[in-house]
Amino acid sequence: MFISSQSSPAAFKGFTLVMPAVAVGNVGQLAVDLLVSTLNMSRAGYFHTDCLIPMAGNNPYASCKEDAEELHTPAEVYTAAELKLAVLQIRAPIIQTRSKKFRQQLVSWIKASGFSRTVVLSSSHSYQRDDQQLQGTPLRYLITPSLLTASADALKELGWREMERIPAFPGVKDADVEPRLCIPGGGITKGLYTDSCDEDLPLAVLLLFCSEGDNIPDAFALVNHLNDWLHLLDSQNQEPNSKWKVPTSWSLLFGSGIPPALF
């Protein structure tokens with residue numbers, strides 16, 4: 001359920017929605033952080049659900065002491081009206097037994113809001129790649145049939161590789177068994193994509209193969225790929241990562257350091 005602080009859900013009609021999947025390395029969430037911080041997006045409301053682990057904290061995009069004292073929730077919506085862009089940032093893990101319910105809530109909200117397209121930023125375990133997935137760059141995409149019609153030319157120009165389907169039994173070739181879509185470590189990515197196909201929603205998934213650790217470089221790579229498609233920022237005559245503003249909360253990604261008193 002979306003609770004707005006500024007406008008009704010109908011105000012999103014014609015907007016592009018970008019959202020992360022809670023996946024390996026939190027790459028999607030870090031990429032969304034860069035979008036919100038760089039585009040100076042305004043908070044439009046929050047997504048109220050019992051499917052996420054409840055938590056709250058200070059403003060992750062604070063630019064001054066007063067801003068830092070704002071209370072923020074696990075799932076919030078930000079907008080950049082001039083770009084007709086909205087993002088849903090998810091900051092908490094999904095409760096395992098409520099994953100399907102959360103997907104249903106998302107699909108229902110997306111349909112009711114009238115978004116023109118939805119882009120899910122995700123990631124998958126690099127060590128579980130199939131042999132064919134080792135080729136090319138770590139970027140892969142998925143796209144529902146209803147969005148493919150409008151985006152086929154752009155995807156062809158970008159030269160991205162679609163996420164490969166793999167054999168149901170690795171190493172065993174059986175003509176009677178269809179290859180399957182497998183996104184290990186991708187959280188709700190596969191389920192949300194499948195649900196969107198069934199509901200005829202215009203949705204795309206951009207994901208990177210990665211490993212747990214310092215995933216900031218992966219986040220920059222993913223948001224740069226997104227920008228290549230959506231043209232949110234002018235990237236001419238700039239270093240690829242210099243155009244993105246790092247939020248203040250990133251200084252605490254790995255905690256506050258080891259207390260010197262231990263030694």
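Predicted model: local features only at pLDDT ≥ 70, side-chain atom pairs only at ≥ 80, totals over all residues.
The protein has six helices and 10 strands, and buried residues make up 45% of its 263 residues. Among contacts with a separation of 6 or more, 75% join residues 24 or more positions apart.

**The largest nonpolar core**

- The largest nonpolar core holds 38 residues, and Val-18, Leu-35, Leu-121 and Leu-226 are the ones that touch the most other members.
- Several elements each give this core at least two residues: the helices are H1 (27-38), H4 (145-158) and H6 (216-230), and the strands are S6 (75-80), S7 (85-90), S8 (117-125), S9 (139-143) and S10 (203-210).
- As general background, nonpolar side chains in soluble globular proteins tend to be buried together.

**A second core**

- A separate core of 35 residues is also present, and its members include Phe-15, Leu-88, Ala-92 and Leu-142.

**Where H1 meets H6**

- The axes of H1 and H6 come within 8 Å and cross at roughly 65 degrees.
- This crossing of H1 and H6 is right-handed.
- On the H1 side, the contact uses Val-27, Gly-28, Leu-30, Ala-31, Leu-34 and Leu-35.
- On the H6 side, the partners are Ile-216, Asp-218, Ala-219, Phe-220, Leu-222, Val-223 and Leu-226.
- Sorted by class, the contact of H1 with H6 has 11 nonpolar residues, one polar and one charged.

**Where H3 meets H5**

- Helix H3 (residues 99-113) packs against helix H5 (residues 189-198) at an angle of about 45 degrees, and their axes lie 10 Å apart.
- That angle makes H3 oblique to H5.
- The crossing of H3 and H5 is right-handed.
- Arg-103, Leu-106 and Val-107 of H3 meet Gly-191, Leu-192 and Asp-195 of H5.
- By class, the residues in the contact of H3 with H5 are three nonpolar, one polar and two charged.

How values were computed
Residues numbered from 1 in each chain as written. Heavy atoms only, no water. Axes fitted to C-alpha atoms, helices over the stretch in contact; angles between N-to-C directions. Helix = DSSP H or I, 4+ residues; strand = E, 2+ residues; numbered from the N terminus. Parallel < 35°, antiparallel > 145°, perpendicular 65-115°, else oblique. Left-handed = near helix turned anticlockwise from the far one by under 90°. Contact = heavy atoms within 4.5 Å. Nonpolar A, V, L, I, M, F, W, Y, C, P; charged D, E, K, R; others polar. Core = buried A, V, L, I, M, F, W, Y, C linked by side-chain atoms within 4.5 Å. Buried < 20%, exposed > 50% of the residue type's maximum accessible area, 1.4 Å probe, protein only.
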